[in-house]
Amino acid sequence: TPMKRVSGLLLLIFVLPVFALEPVSLQLRWKHQFQFAGYYAALEKGYYAQAGLDVTLHENGPTSQKNAIARVVNGEVQFGVSNAGLVAAFADGKPVVALASILQHSAAVWIVTDPEIQSLHDLAGKRLMALMPISESVEFVAPFLREGIDVDSLHWRNTSFSIHSLLEGETDALNAYLSNEPFLLREMGVPFYTISPRTYGIDFYSDVLFTHRDYLREHPQRVERFRQASLEGWRYAMTHPEEIIQLIHEKYSPEKSLAHLRYEANVLRELIVPDLVEIGHMNTGRWENIARTFVDLGVIEPGFDLEGFIYTGKEGLASIQSVGIALLMALLALVLGGSLLHYYRLTRHLKIEIAQRRKAEARLKTLVNTDHLTGLCNRRNFYLQSAREHARFLRYRQSYALLVIDVDWFKQINDVHGHLCGDQVLMEIALRLQREARNTDCLARLGGEEFVFLMPNTDLSGAMQIAERIRLGIADTPFELDASTAIKVTISIGVAICTAQDAVFEAVLNRADQALYTAKGSGRNRVVSNPASV
């Protein structure tokens, strides 16, 4: 019929453009390996194709001139993967936009084989291999600045990217990737030591996906589709690592052993932290802190402005594919208009199902974010909230306090009274801690008998007062397990305050943990603050 012919023509008009794949290219930072697993997954599992994209991946290498930033800026490729030096390129006028940071913590480390070199200070006067000029190795140089070590006193050489430079005595320290060189040295049975910039407060984003500012303006929907498909690939790679390891070995990097790829996958997972942070997450405050480090080394001029550097997703409207699908659905709704009455009758049932689903989702959200025993925040929820609090600190410089609390002799409580009584003790401690918490505080059980108490806008004096009040409240009031049993319980508390030197939350947590260990080692039932936080 004429109506059917018109409907068929409209279907062709709307559907064909959806499936016309648009060619784009991605420049990787290095050779094919698990470091880029998400992009292989997005390509091989069809996420790029579903997004209407025909993606080509370009590898890099030590002898290659394929600098990702230069190739994107020159228009040779549309997307690239870079390290945190991307922000320096932006400050230098390069039209780059950061789309997503895959690694929340960089894998960059110094690696040494001399047993007398155990710290950054031991490298003073030694030979170091890094990517030249020094401005290309800010992550490696910045820790020396933080420690007051004169960078000019070090003997710099352009890197060979090879562990043989260490083994043959050409250098005392080599710039390395935590997921690569350590595996090679272990396979060879060579003792080594790594010196991480994170130990000295330098914690940069890495493997940052980026594009050209003009390309984003001209093709906002395409960029968003590429970004979403890439992140979907990374989520798949993190949940199916062995499948992607086999894929990389068979198709992309057969020269890399399966053992090496598995080692790399395990190390990178710890740096991506997909269980705690959404893959691709970026924080403006942390980028500003990274940029300030570049300023301190003279790579970026003071007064930098990151406006336009971080992708917001507001550059485009719905994707072409989404628009095509929406129009197609409108057409089908018109053709199938006779079914509207039937759907109307189903509406009431759908509303009931939706209401039930929302209740179920709310219950699931509670289960995901809450410790099942105490009702406090669980480990995952706590790390998400602490990351947000630290981001606020980096942006507004409003300090916060952290208490790490551990129940003394808890194993004895379980052994003498049983695990059910031990659970009662933990629940009672949670209730007593909640009485001290404000609405803005975050109280969590990390696991076992360990609790944490995050208190925004709290100085050291206030934190110590609260901690001592909590300690006394636990120690002075016995725990009544039943009508005839009451036991004395004590706790030890480590206290730390966020300082200007803390680039990441983990630095504060480490100090609080150290203070807790001191409290435990000093006899328990006491509050100790870390001297570094004073």
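A charge is taken to sit over a ring if NZ of Lys or CZ of Arg is within 6 Å of the ring centre and within 35 degrees of the ring normal. The model is predicted, with local features needing pLDDT of at least 70 and side-chain atom pairs counting only at pLDDT 80 or more, while totals for chains, interfaces and linings use all residues. Residues are numbered from 1 along each chain as its sequence is written, and side-chain values use heavy atoms, without hydrogens and water.

**View 1. Arginine ends over aromatic rings.** The charged end of arginine 397 sits over the ring of phenylalanine 393, 5.0 Å from the ring centre, and that of arginine 286 sits over the ring of tyrosine 205, at 4.3 Å from its centre.

**View 2. A tilted aromatic pair.** Rings of Phe, Tyr and Trp (its six-membered ring) pair if their centres lie within 6.5 Å, and planes under 30 degrees apart count as stacked, over 60 as edge-to-face and the rest as tilted. The whole structure holds 21 aromatic pairs. Among them, tryptophan 30 and phenylalanine 161 form a tilted pair, 5.3 Å centre to centre with 45 degrees between the planes.

**View 3. A stacked aromatic pair.** Phenylalanine 204 and phenylalanine 294 are stacked, with 5.8 Å centre to centre and 20 degrees between the planes. Both phenylalanine 204 and phenylalanine 294 are buried, where buried means under 20% relative accessible area, exposed over 50% and partly exposed in between (1.4 Å probe, protein chains only).

**View 4. A cluster of rings.** Phe382, Tyr383, Phe393, Tyr400 and Phe505 are linked into a cluster by ring pairs.
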